[in-house]
Protein chains: 2
Amino acid sequence: MDETTQTRGRGGARTTDVMSAIRAKVAGRALGPGDRLPSIRKLAATMAVSPSTVVEAYDRLAAEGLIRARRGSGFYVAATTMPPLALADVEPRRDRAVDPFWVSRQSLDADAAVLKPGCGWLPADWMPEAALRRAFRALARSDDSLLADYGSTRGSLALRRYLLARFAEDGVEASIDQLLLTGSGTQATDLVCRFLLRPGDTVLVDDPCYFNFRALLRAHQVKIVGVPYTPSGPDVARFEKILAAERPRLYITNSALHNPTGATLSLQTAHRVLRAAAAHELAIIEDDIFADLEPERSPRLAALDGLTNVIRIGSFSKTLSASVRCGYIAARPDWIEHLVDLQVATSFGGPSPVATEVIANVLAGGGYRKHMDELRQKLARTRRDLGRKLAALGLEPWLMPRGGFFLWCRLPDGLDSTDVARAALAEDVVLAPGNVFSVSQTASSFLRFNVAQSTEPRMWDMMRRALGSKMRQ
Amino acid sequence: MDETTQTRGRGGARTTDVMSAIRAKVAGRALGPGDRLPSIRKLAATMAVSPSTVVEAYDRLAAEGLIRARRGSGFYVAATTMPPLALADVEPRRDRAVDPFWVSRQSLDADAAVLKPGCGWLPADWMPEAALRRAFRALARSDDSLLADYGSTRGSLALRRYLLARFAEDGVEASIDQLLLTGSGTQATDLVCRFLLRPGDTVLVDDPCYFNFRALLRAHQVKIVGVPYTPSGPDVARFEKILAAERPRLYITNSALHNPTGATLSLQTAHRVLRAAAAHELAIIEDDIFADLEPERSPRLAALDGLTNVIRIGSFSKTLSASVRCGYIAARPDWIEHLVDLQVATSFGGPSPVATEVIANVLAGGGYRKHMDELRQKLARTRRDLGRKLAALGLEPWLMPRGGFFLWCRLPDGLDSTDVARAALAEDVVLAPGNVFSVSQTASSFLRFNVAQSTEPRMWDMMRRALGSKMRQ
C-alpha cells in the first residue's frame, strides 16, 4: 500500500514538474500568448522524462485552458492567457506541510484553542502589556493631526532618533538620512528586494533559514540558492564558491540569534563573508529582528561594513507588539532616497503615525529596559526547562542558543518532522517541521520549537503520543 | 537667456533620453552584464538623434560605471552592473514639478506652516475626532492578545462583515471569502498589481488619473497607456481601440467621484467598458476610496460585473483616519486565496489588528453616519464657495462634481500650472499641477484643488499674486 502510493506519487510528481515548468515559463513571460510550446520529444529529452509524461502534462494544461492543441502542429500558449502570480504554484506543489506558507498560515489563523509551539512570536502575556495600555491612553489624548493625518514619508523623527541611539550601542554608525520606517519588518525586506532584484536574479539564503524568506523570494520570482549554516554563521568556503559560480545579487541572513537555529555569527566569519561580498558586489540584508533578545551583543555585518553593502532591517514585533506594526530599513543614504519613492508608490507613505507613536512611547518609558531584562531571564529559564523536557523525549537541540526563543531540535532516528507535524495538527497543535526552513529540503529530521509557546501540558502529551506511535517502540 | 536655457535643455534632454533608454534596458534585464550595446550609428537611427548625442550618452553612462568601452569593439554593459530600481529614473527626468511623486512627497513631508490645497485628504479637524479618541480609549482596555499578537491573514472578521453590509447597499454582492483586508488602499492596489502584472505588460489608466497610479505602475515596470476621461467615464470608443491595439492586462480607475476630475461614470459607459473588457480578458481595479463621500449612489463596475473581472478596492483614509491604516480588496474567491499568500509573503499577514479594531469601533458607533451626513453637507457648501472664489480669479472648473473634495480647474489662457505650482511652493503652498495626473502630459492648464484645504486667506493672496504676475495684466 505504501509502495503503491509512492510509485503513483512519483509518476504524478513528474507530470506536475513538467506542468510547473511550463506554467513558470508562461508566468515569467518567456512563453507569450500564441507562442508554440517545445515539441513533446524535445521537452521529454530536456527534462529527462518519458514522452508520455509530457503528453499527460500538456493534456492537463490544455484542460486548464493554459495551452491549446492545434491539429497537426503541436501545442500553443492560449492566445488570451495571462496567468496571475500564484505563489503556491511557483514551485511544484509537493507536500503542503513543507510549503513555506504552512506554518505562517496555520499559526496566524489558529483560533485561541490551538497550541502554537511552531510559531515565531511570544505569547501576548509576555509582552509589555501595561506600557502598551498606557501608550494607547496617551494616544487618545494626543493632537488630532496625529490621529487623523498621513505621516511623513520616512516616518516618525522621534522613533528614528531613538533607533540611531540604539544602533550606536550595537556599533552600527548611521545618520538620520540612512533610516526609513516601514509598515513592518517583512515589508522592509520586501521593499529592499523590490529595489535590488529583478525576476530571474539569484538570491542566497541560509540553509536552514526563516521560512518566510523563501515565501517572499517566490513573490520576486528569483532563483533561491541555500548556503549551509554552521554554529558560527554560513559555511564560508561554500559561500565563496556559490558567489563565484552563481553570482547572486543578494544574501539575506540573521546574524544574531539566527532563525531557526539560534546560532551566532562569529567575528571571523563576518569578516570573510563581507570580504567575499565586496569582491562580488553582493548586497546583504541583515535581518536583526531578534537583536533585543540577545544577552550581550555579538558581531554584526552592519557594524563591520558600515552600511555600505549591508542593509539592516528590524521591527518591534518580537519584543513590544506584533499588532502595532512597524519596521525599519537602515542603508546607504542614496538607497534610502530611492526606497522612499518606492514606499510612496506602493504604500503611500511610511508606517501608521499612530503605530510609531505607540512604539516610541513604550520605548521611551523607563520600564522597557527592565521589561527586556526580565524577559531575557525568563526566556533563559524556559529554554533550559524545554531542553530538559525535549531530551527526555529523545529530541536533541542542534546547539544551545545564547538567547531568543527558538530551539532547533533533531528528532530521534527514523522520524520525519513532516509526519510529526501532520499528526500534531490533527490534535490542534501547530509545529514547525524542518523542511519549511530548508531550500535543499534536507532538514526533515528537525523541528523548531518556540520555548515560550511550548509550556502547555497538552502539547507534551501530544508529543509523547506522536513520537511514540511513530517510533513503534 | 530663456532661449539659451531651452536649447541647452533640449540638447541635454535628447542625451538624457538615450541614457534612460539604455538604463531601462539594463534595469529590465534586456541587456545583461557583459552584453554589447547597440552601435552608435544604429541607436542614433533608431532613436532619431544625432550620432554625437549617442556618443555623449554612452560616455556619460561609462563615467557612471554602468557601461564600459572596449577599444575597437564598442560599448558593453559593465560585468558587475545590476542597477537597483530608481523610480525617479524609470522615465526621463523632465521637471521634478510634474513628476508623479512631487505632490505626494511635498504634501506628506510638509510642516504645519505649509498650506496644502493640492493634497488628497481632508484636514484633521474634519475627521471624526471624538469617535477616534473613544476608540483608542476602548483599545487601552481591550484583550492583551489584540494589543500584542499578529492578526489573521484576512484581517478582522467584524470589519469584513461590516464591509459586506456596506457593499450590499452599493449593489455589490460578495461573500466573506471575497474580502481581504490590507495595510492600506495603496497596498491593496499594489498587491493586485503584483498578482496580475509582469514587467513589460501594458496597463490602462484614465487621462487624467490619480498621480500615484502612475508612480505605482512605474514600480511594476509596465507600459502605461492613458484613455481620455470624459464627464461620464472613459472615452469608450478610444477605450475599445486601445484594448484591440495594445491588449492591456489591467485598467485602473475610480468610478464615482473620479480623481482628479470629480466626474461620475454613467451606467451606459459602465456597461460598454465591461463588455469590451470581457471581450479582451481585461481585469479592472475599481478604486472606490471616495465612495462614502457621494451624496447618492452612482453606477459601479463592481456592481454590474459581480466581481468577476473587476476588483474593488477601498480604504478609510478619506473619511475616518489616514493615520490608522487599513484598506481592502474584494475580488473572486480564488484570487483572494492567492492574494492571501502574497500578503503573507510580503507583509506577514493582514493589516494591524489594532488599526482594524479602531476602524470597526468608529464605524459601528452610532455617530458615524451622522458625521458623514454633516461632512457631505459641509463639503457641498465649501465646494460652492471655492467655485465662486476661483471664478473671480478666472479659474473655471472642468465640471461641478456631485460630491467629494476635488475641483479640477482650468487656468486662464496662457498660464502653465507647473509654473504656478513652482511659484506657490516658494511661498509654502503645495499645489497639484495638472500634468502630474496626465500620462500624455496634456493637462498643463489644469490645477486640482482640495476644497477643504483651500480656505486660508494666505492661499488666496498667493494665488492672486501668482496668477497676476504670470498674466502680466
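Strands (E, at least two residues) and helices (H or I, at least four residues) are DSSP runs numbered from the N terminus, and two strands pair if DSSP finds at least two bridges between them. This is a predicted model, in which local features need pLDDT of at least 70, side-chain atom pairs count only at pLDDT 80 or more, and totals for chains, interfaces and linings use all residues. Residues are numbered from 1 along each chain as its sequence is written, chains are lettered from A in the order in which they are written, and side-chain values use heavy atoms, without hydrogens and water.

**View 1. The open sheet of chain B.** Eight strands of chain B lie in the order 3-10-9-8-7-4-5-6, with mixed pairing. Strand 3 (179-182) and strand 6 (233-234) of chain B each have a single partner strand, so one side of each has no neighbour in the sheet.

View 2. Strand 3 runs antiparallel to strand 10 (residues 327-330) of chain B, and four bridges join the two. Thr182(B) has Gly327(B) as its bridge partner in strand 10 of chain B.

**View 3. Surroundings of Ile329(B).** Contact means heavy atoms within 4.5 Å. Beyond its neighbours within four places in sequence, Ile329(B) contacts residues including Leu180(B), Thr182(B), Ile313(B) and Leu339(B).

**View 4. The two copies.** Superposed by least squares on C-alpha atoms of residues with pLDDT of at least 70 in both, chain A is laid on chain B with an RMSD of 0.1 Å by a turn of 180° and a shift of 0.0 Å along the axis. The copies are thus related as by a two-fold rotation axis.
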